[in-house]
Amino acid sequence: MDALALYEKSRAQDTALSGFYNLNVRLEADTGPVLVRIPGPTSEPMDLTLWPEPAVLAAIRPYVSQAPRLLHASTDPRFQIHTFIEGHRVDDLSPDGKPLPERVLDGIEQFFRELLHVPLSALPALPPDWPADGDTKGFALRLLSFVRQIRGRADAALDVLYGKLGVPADPCGPLAERAERELSDRSFRLLHADIHRKNMLLTERRGVAVLDWELALWGDPVYDLADHVHKTAYATGDRSLVLAGWEKVAPAECRTAWRADFEFYCAYEAMKSAVVDTVRWGRRIAEAADVQQRQALAEELRAKLIAAGQHWGGGSPPAPAEIERAAASWWDTVRTAAPEA
């Protein structure tokens, strides 16, 4: 396998699958199909990260069967090559809010069974200031601190958009107080921190494979469960099955008072989603191709703001039409201020 040649070939392709942080290109190598993974255009990070993805994939290989295998990693130029996993993306099988096939639910349970048994000794070193094992309050406050950074780095134009949509300067205050007051100590585990329908493949032989490990963390396993449930938008019955399955496979030291703290992390996810998606949905609204699409996106963003408002103590967000106008005004300012290519 000529890794550099595959990298150069992937850059010439116009069929890349783009996520928020990486471009992914399927190519044929001498050994079969591979996935070339290249960092996307530089942008401000919207998620907390801890380790380089190649280091995580190398570490989990003996423990997690349902993950890509790292074949090559380069730092100059930056790219990775993974095994290509054949399968059906779960969001294609069943969109948000719809019931999932039983094989998918069984695969998710098996995935958590494996993930929750990856030892810290197998993983890359943690930063010296990372919360100690079991310090769930410290972990939650680290998550909240990062959201405060996202909100705090807004330029003048984005700050105006946040203000028009009712996102406060500190959206995290009430949840930080709640974390200090309510969270129970629990043993830490490896977290994928981005398990959702677009990151899961249903395969013929392996069940469910989970992709995109660049956001993996070491922390409270209940957060990983809440993050997954929030992003996967389960039908009510499936949600109950997934929670019961996680409880069945999670070690006892990971389950201390977990249901109450699960609700805390769901509240955190609702708050973070509104802060992040003000930017992501704001741009999508401004660039939408037709009126119906703009309206639908504005309604989606308003629903996110309503869900978050109860956790930051805000009032009702503006109507969808006002959200559309605010997003268009913000994006016009951004494009006007951008340097010419």
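In this predicted model, the count of cavities of 30 Å³ or more comes to one, and about 90 Å³ of space lies in this largest cavity. Its lining is made up of Asp 47, Leu 48, Leu 143, Phe 146, Ala 193, Leu 215, Leu 217, Tyr 223, Asp 227, Lys 231, Tyr 268 and Lys 272. Three helices, α5 (136-152), α8 (221-232) and α10 (258-287), each supply at least two residues of that lining, and the largest share, three residues, comes from α8. Sorted by class, the lining of the largest cavity has eight nonpolar and four charged residues, with no polar ones.

The second largest pocket holds about 600 Å³ of space. It is lined by 24 residues, of which Tyr 21, Asn 22, Pro 39, Arg 78 and Glu 214 lie nearest its centre. Here β3, α2 (53-60), β4 and β5 each supply at least two residues of the lining, and by class the lining of this pocket has eleven nonpolar, eight polar and five charged residues.

Strands β3, β4 and β5, which contribute to the lining of that pocket, also take part in strand pairings. Strand β2 (residues 22-29) runs antiparallel to strand β3 (residues 32-39), and eight bridges join them; within this pairing, Asn 24 has Arg 37 in β3 as its bridge partner. The two strands form a hairpin, with two residues between β2 and β3. Strands β4 and β5 likewise pair in the antiparallel sense, over five bridges, and the bridge partner of Ala 73 in β5 is Gln 80. A hairpin with two residues between the strands is again what β4 and β5 form.

As a general point, most peptide bonds are trans, and most residues other than glycine have a negative phi. Ala 233, which is not a glycine, has a positive phi of about 50 degrees, and its place is in the loop between α8 and α9; with a relative accessible area of 26%, Ala 233 is partly exposed. Ala 257 also has a positive phi, of about 45 degrees, although it is not a glycine, and this residue lies in the loop between α9 and α10, where it counts as partly exposed at 39% relative accessibility.

A pair of aromatic rings is described by the distance of the centres and the angle of the planes. A search of the whole structure finds twelve aromatic pairs, one of which is formed by Trp 246 and Trp 258, a tilted pair with 5.0 Å from centre to centre and 50 degrees between the planes. Because Trp 246 lies in helix α9 (residues 236-249) and Trp 258 in helix α10, this pair ties together parts that are twelve residues apart in sequence. Both Trp 246 and Trp 258 are buried.

Another pair, that of Phe 264 and Tyr 265, is edge-to-face, with 5.2 Å from centre to centre and 75 degrees between the planes. Phe 264 has a relative accessible area of 2% and is therefore buried, since the cut-off for that class is under 20%; Tyr 265, at 0% relative accessibility, counts as buried too. Phe 264 and Tyr 265 also belong to a cluster in which ring pairs link Trp 130, Phe 139, Phe 188, Tyr 223, Phe 264, Tyr 265 and Tyr 268. Among the members of this cluster are Tyr 223 and Tyr 268, and these residues were named above in the lining of the largest cavity.

Notes
Residues are numbered from 1 along each chain as its sequence is written. This is a predicted model: local features need pLDDT of at least 70, side-chain atom pairs count only at pLDDT 80 or more; totals for chains, interfaces and linings use all residues. Side-chain values use heavy atoms; hydrogens and water are left out. On a 1 Å grid over the protein atoms alone, a cavity is a set of points where a 1.4 Å probe fits but cannot get out, and a pocket is an open set with protein on both sides within 12 Å along at least five of seven lines; lining residues have an atom within 4 Å of a point. Grid points are joined across faces, edges and corners, and a volume is the space filled by probe spheres set on the points. Helices (H or I, at least four residues) and strands (E, at least two) are DSSP runs, numbered from the N terminus. Ala, Val, Leu, Ile, Met, Phe, Trp, Tyr, Cys and Pro count as nonpolar, Asp, Glu, Lys and Arg as charged, and the others, Gly among them, as polar. Two strands pair if DSSP finds at least two bridges between them. Rings of Phe, Tyr and Trp (its six-membered ring) pair if their centres lie within 6.5 Å; planes under 30 degrees apart count as stacked, over 60 as edge-to-face and the rest as tilted. Buried means under 20% relative accessible area, exposed over 50%, partly exposed in between (1.4 Å probe, protein chains only).
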